[in-house]
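This report describes the fold, the packing and selected side-chain contacts of one protein model. Please consult the sequence and the structure shown below while reading.

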Amino acid sequence: MQPFNPWAWRDPSALAGGYEQTRPDDVPRQRPAGTADDGPDAPGPGTPIDLTGYRVEATDGRIGAIDEASDDAGAGYLVVDTGPWIFGRKVLLPVGTVARVDHLERVVHVDRTREQVRESPAFDPDDFARTEYREQVGNYYAESYRRG
């Protein structure tokens, strides 16, 4: 088993639709009629995805919405605006924390609790380019995997 890399997608197919396993007789899931979201249906494999604006859910509730996203190989991240939840603070979530993406509902599910996200190092756009800052954030999330 490879060590956890917080900056790499654990399941790259999450960007390609995150479809659930289906049987040949299953009817594809559709958006409920009359929803306000006029966005596209779930994308197919190879379709570039912009996660900006997607809602982010922890294992125990909503965190906020994606303000910025990068899927750079080995350096992927989400900047999440938490809104009033933690006083408008933005948090940096490495893409390795993403459990799944629901493109129809425009929701990214992460495998962290709200408390783990709240306790994460503060997002600092000025420090983001610094290797030490990215290591600090990466180590925080890698350590939370070791703690369970």
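**Basis of the report**

The model is predicted, so local features need pLDDT of at least 70 and side-chain atom pairs count only at pLDDT 80 or more, whereas totals for chains, interfaces and linings use all residues. Residues are numbered from 1 along each chain as its sequence is written, and side-chain values use heavy atoms, with hydrogens and water left out.

**Overall fold**

The protein chain contains 2 helices and 6 strands. Helices (H or I, at least four residues) and strands (E, at least two) are DSSP runs, numbered from the N terminus. Along the sequence their order is β-β-β-β-β-β-α-α. Of the 148 residues in the protein chain, 37% are classed as buried; the term means under 20% relative accessible area, with exposed meaning over 50% and partly exposed lying in between (1.4 Å probe, protein chains only). A contact means heavy atoms within 4.5 Å. Among contacts in the protein chain with a separation of 6 or more, 57% are between residues 24 or more positions apart.

**Strand pairing**

Two strands pair if DSSP finds at least two bridges between them.

| Strand pair | Sense | Bridges |
|---|---|---|
| β1 and β2 | antiparallel | 4 bridges |
| β1 and β6 | parallel | 3 bridges |
| β5 and β6 | antiparallel | 4 bridges |

The hairpin of β5 and β6 has 4 residues between the strands. Asp102 belongs to strand β5 and is buried, because its relative accessibility is 13%. The side chain of Asp102 reaches the backbone nitrogen of Glu105 at 2.9 Å.

Arg106 lies in the loop between β5 and β6. With a relative accessibility of 27%, Arg106 is partly exposed. Arg106 has a positive phi of about 60° although it is not a glycine. Arg106 and Arg55 are 51 residues apart in sequence, and their C-alpha atoms are 6.3 Å apart in space.

**Nonpolar core and buried residues**

A nonpolar core is a set of buried Ala, Val, Leu, Ile, Met, Phe, Trp, Tyr and Cys residues joined through side-chain atoms within 4.5 Å. The largest such core has 28 residues, and those with the most contacts inside it are Leu78, Leu92, Leu93 and Val108. The elements that give two or more residues to this core are β1 (55-58), β2 (61-70), β3 (77-81), β4 (90-94), β5 (98-102), β6 (107-110) and α2 (131-147).

Not counting residues up to four places away in sequence, Leu93 touches Val56, Tyr77, Leu78, Val80, Val110, Val117 and Tyr141. Ser70, in strand β2, is buried with a relative accessible area of 10%. Under the same exclusion of residues up to four places away in sequence, Ser70 touches Ala75, Gly76, Tyr77 and Val95.

**Aromatic side chains**

Rings of Phe, Tyr and Trp (its six-membered ring) pair if their centres lie within 6.5 Å; planes under 30 degrees apart count as stacked, over 60 as edge-to-face and the rest as tilted. By this rule there are 3 aromatic pairs. The rings of Tyr140 and Tyr141 form an edge-to-face pair, because their planes are at 85°, with the ring centres 4.9 Å apart. Tyr140 and Tyr141 are buried. Ring pairs also link Tyr77, Phe123 and Phe128 into a cluster.

A charge sits over a ring if NZ of Lys or CZ of Arg is within 6 Å of the ring centre and within 35 degrees of the ring normal. The charged end of Arg134 sits over the ring of Trp7, at 4.2 Å from the ring centre.

Conventions. A polar contact is a pair of N or O atoms within 3.5 Å; within protein, one must be able to donate a hydrogen and the other to accept it, and residues adjacent in sequence count only if both atoms are side-chain atoms.
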